[in-house]
Amino acid sequence: MNFAGKIIGGVLGLAAMGPWGAVLGALIGHQFDAGAGVGALLGGGADPSQVNALFFPTTFRVMGHIAKADGRVSEQEIASARAVMHALHLNQPQMLSAMGYFNEGKHPAFQLDAALRLLRAAIAPHPELANFFVEIQLQAALGGDGLSELPRARLRRVALLLGLGQAQFARLESILRWSQASGAHGGSAGGPESAAGPERLSQAYSMLEAAPGMSDEEIVKAYRRQMSRHHPDKLKANGLPESMLERAKERTQQIQAAYEAIRARRGMR
């Protein structure tokens, strides 16, 4: 019997998350031993329960790790992390767990690469979850120190390990800056629809993964594609924890706001 995958997965999990992670890593490694191979681990069907179990603790461990990028964690960075937790509508036990994971991520023994390789193996069939993960990290970092050089470098490393290229990272940052500038968390009035500046419009196109040269019909298709990709029900079915669905709902509101801004500029009906 081949135990190589279990051993590799277990070692990665132990390094990333301790004994609990070793068990989960061994489960993922079992797929490899059973003949699934690398292709299945990085591109086959995902088990939503595995994704659910991994996503929450890894999110906050990585958040703490990024906050500690410059050697210390400021009060503003802690406040930003808590603000993200509140935005996700975590209850008190979940908040305590999230802060515990955040503190674990600050520890020098935390191994970022191992944690993210394990997560990537679980979410590979659903790249929208990788985008969602990086968005949450960006939101915390922007609210902390404004994304200075060292946290930015660490965040780019996170994106790379989850399979996101530089252009995708830049797009996600643009989306989060759109949200901050317009108060789009919840779709505030007077936001994107009334903002006619070229930078804001560029961010709206980026939100839809569209371009100014597209036809109105293509813009509508891009809008519908993004709404489908980020629909909370779809993300939940793919394993996103219940506690993070509010952030997914906010994202659909942001997509809607970006679409309305483009419609207003183009005079679309």
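Glu 209 sits in the loop between α11 and α12, in a model that is predicted. Its phi is near 55 degrees, a positive value in a residue that is not glycine. Most residues other than glycine have a negative phi. Glu 209 counts as partly exposed, at 35% relative accessibility. The residue comes just after α11.

Helix α11 itself spans residues 198-208, and because 8 of its 11 residues are buried, the helix is largely enclosed by the rest of the structure. The buried residues of α11 are Arg 200, Leu 201, Gln 203, Ala 204, Tyr 205, Ser 206, Met 207 and Leu 208.

**Overall fold**

The protein has 14 helices and 0 strands. Of the 269 residues in the protein, 49% are buried. Among contacts with a separation of 6 or more, 76% are between residues 24 or more positions apart.

**Packing of α7 and α9**

Helix α7 (residues 112-123) packs with helix α9 (residues 149-161) at an angle of about 35 degrees, and the two axes are 9 Å apart. The crossing of α7 and α9 is right-handed. On the α7 side the contact is made by Leu 112, Asp 113, Leu 116 and Arg 120, and on the α9 side by Arg 154, Arg 157, Val 158, Leu 160 and Leu 161. By class, the residues of this contact comprise 5 nonpolar, no polar and 4 charged.

**Salt bridges**

Side chains of opposite charge can pair when their charged atoms come close. The count of salt bridges in the model comes to 7.

| Salt bridge | Closest N and O atoms |
|---|---|
| Arg 117 and Asp 113 | 3.8 Å |
| Asp 216 and Arg 266 | 2.6 Å |
| Glu 260 and Arg 263 | 3.4 Å |

Which residues form the pair that links distant parts of the chain? They are Asp 216 in helix α12 (residues 216-229) and Arg 266 in helix α14 (residues 245-266), and they are 50 residues apart. Asp 216 is partly exposed, with a relative accessible area of 36%. Arg 266 also counts as partly exposed, at 24% relative accessibility.

The pair of Glu 260 and Arg 263 lies within helix α14, where the two residues are 3 residues apart, about one turn of the helix. Glu 260 is partly exposed, with a relative accessible area of 21%. For Arg 263 the relative accessible area is 21%, which is partly exposed.

Salt bridges that share partners join Asp 113, Arg 117 and Arg 157 into one network. Within it, Arg 117 and Asp 113 are 4 residues apart in helix α7, so about one helical turn separates them. Arg 117 is partly exposed, with a relative accessible area of 43%, and Asp 113 is partly exposed with a relative accessible area of 22%. Asp 113 and Arg 157 are also among the residues that make the contact of α7 with α9.

Ser 80 belongs to helix α5 (residues 75-87). Is Ser 80 buried or exposed? It counts as buried, because its relative accessibility is 7% and the cut-off for buried is under 20%.

Leaving aside neighbours within four places in sequence, Ser 80 is in contact with Gln 139, Ala 140, Gly 143 and Gly 144. Ser 80 and Gly 143 are 63 residues apart along the chain, and their C-alpha atoms are separated by 5.2 Å. For Gly 144, the backbone nitrogen lies 3.4 Å from a polar atom of the Ser 80 side chain.

Technical notes. Residues are numbered from 1 along each chain as its sequence is written. This is a predicted model: local features need pLDDT of at least 70, side-chain atom pairs count only at pLDDT 80 or more; totals for chains, interfaces and linings use all residues. Side-chain values use heavy atoms; hydrogens and water are left out. Axes are lines fitted to C-alpha atoms, for helices over the stretch in contact, and angles run from 0 to 180 degrees between N-to-C directions. A crossing is left-handed if the near helix is turned anticlockwise from the far one by less than a right angle, and right-handed if clockwise. Contact means heavy atoms within 4.5 Å. Ala, Val, Leu, Ile, Met, Phe, Trp, Tyr, Cys and Pro count as nonpolar, Asp, Glu, Lys and Arg as charged, and the others, Gly among them, as polar. A salt bridge is a side-chain nitrogen of Lys or Arg within 4 Å of a carboxyl oxygen of Asp or Glu. Buried means under 20% relative accessible area, exposed over 50%, partly exposed in between (1.4 Å probe, protein chains only). A polar contact is a pair of N or O atoms within 3.5 Å; within protein, one must be able to donate a hydrogen and the other to accept it, and residues adjacent in sequence count only if both atoms are side-chain atoms.
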